[in-house]
Amino acid sequence: MKSKYHFKFEDLMIYNKAIDFGESVNDQINTFPKEEMYRLASQFIRAADSLALNIAEGSASSDAQFNRYLQLAWDSAHECVVCSTKARLRGFITEKQDEKNRAEITELSKMITSFKKHLKSKMNK
């Protein structure tokens, strides 16, 4: 559903990919054992959702501030790697799903790094 109220950050491809990844993680944690809801599942979804949240929050700031928020998103992406690995090791997700997560996290991390470089080059002009 398209809202009649639109925010500029919603046009960012990196934001949309982060949103999609968060929804994918949400689907995954719904299959985790109930006792994991306040352990690994909670950590995984918070880290995944943090990607889009930091991108959105930083987008309205100065380039220097946005760069700081992108770093937080990058850190969250790496936290997701550990969560996905732990989920696979504990048998909550398959090796195939872990590889899919890793591919998406790698793409997001590269996009974040590229965006950070772009912002830094703008600041150095």
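Student: How many aromatic pairs come out of the ring rule in this model?

Tutor: A ring pair is described by the distance of the centres and the angle of the planes. The count here is 4 aromatic pairs, taking rings of Phe, Tyr and Trp (its six-membered ring) with centres within 6.5 Å; planes under 30 degrees apart are stacked, over 60 edge-to-face, and the rest tilted. In the pair F66 and F115, the centres are 5.2 Å apart and the planes stand at 75°, so this pair is edge-to-face. Since F66 belongs to helix α3 and F115 to helix α4, the pair ties together parts that are 49 residues apart in sequence.

Student: What should I know about the model before going further?

Tutor: The model is predicted, so local features need pLDDT of at least 70 and side-chain atom pairs pLDDT 80 or more, whereas totals for chains, interfaces and linings use all residues. Residues are numbered from 1 along each chain as its sequence is written, and side-chain values use heavy atoms, without hydrogens or water.

Student: Are F66 and F115 buried or exposed?

Tutor: Buried means under 20% relative accessible area, exposed over 50%, and partly exposed in between (1.4 Å probe, protein chains only). F66 has a relative accessible area of 6% and is buried; F115, at 18%, also counts as buried.

Student: Which other residues are joined by their rings, and where does a charge sit over a ring?

Tutor: F7, F9 and Y15 are linked into a cluster by ring pairs. For a charge, NZ of Lys or CZ of Arg must be within 6 Å of the ring centre and within 35 degrees of the ring normal. The charged end of R68 is placed over the ring of Y69, 4.9 Å from its centre.

Student: How many helices and strands does the protein chain have?

Tutor: Helices (H or I, at least four residues) and strands (E, at least two) are DSSP runs, numbered from the N terminus. The protein chain has 4 helices and 0 strands, in the order α-α-α-α from the N terminus on. Helix α1, residues 13-29, has 17 residues and reaches 24 Å from its first C-alpha to its last.

Student: What do the buried residues of α1 pack against?

Tutor: Contact means heavy atoms within 4.5 Å. The buried residues of α1, among them Y15, F21, V25 and Q28, pack against α2 (40-59), α3 (63-89) and α4 (95-123). V25 has 0% relative accessibility and counts as buried; beyond its neighbours within four places in sequence, V25 is in contact with F44, I45 and A48. Q28, buried at 7%, touches F44, I93, Q97 and N101, not counting residues up to four places away in sequence.

Student: Which residues have the most contacts inside the largest nonpolar core?

Tutor: A nonpolar core joins buried Ala, Val, Leu, Ile, Met, Phe, Trp, Tyr and Cys residues through side-chain atoms within 4.5 Å. The largest has 33 residues, and F21, F32 and L51 have the most contacts inside it. Each of α1, α2, α3 and α4 supplies at least two residues of this core, and the largest share, 10 residues, comes from α2. Leaving aside neighbours within four places in sequence, the contacts of F32 include M37, L40, F44 and F92.

Methods:
The expected span of a helix is 1.5 Å times one less than its number of residues.
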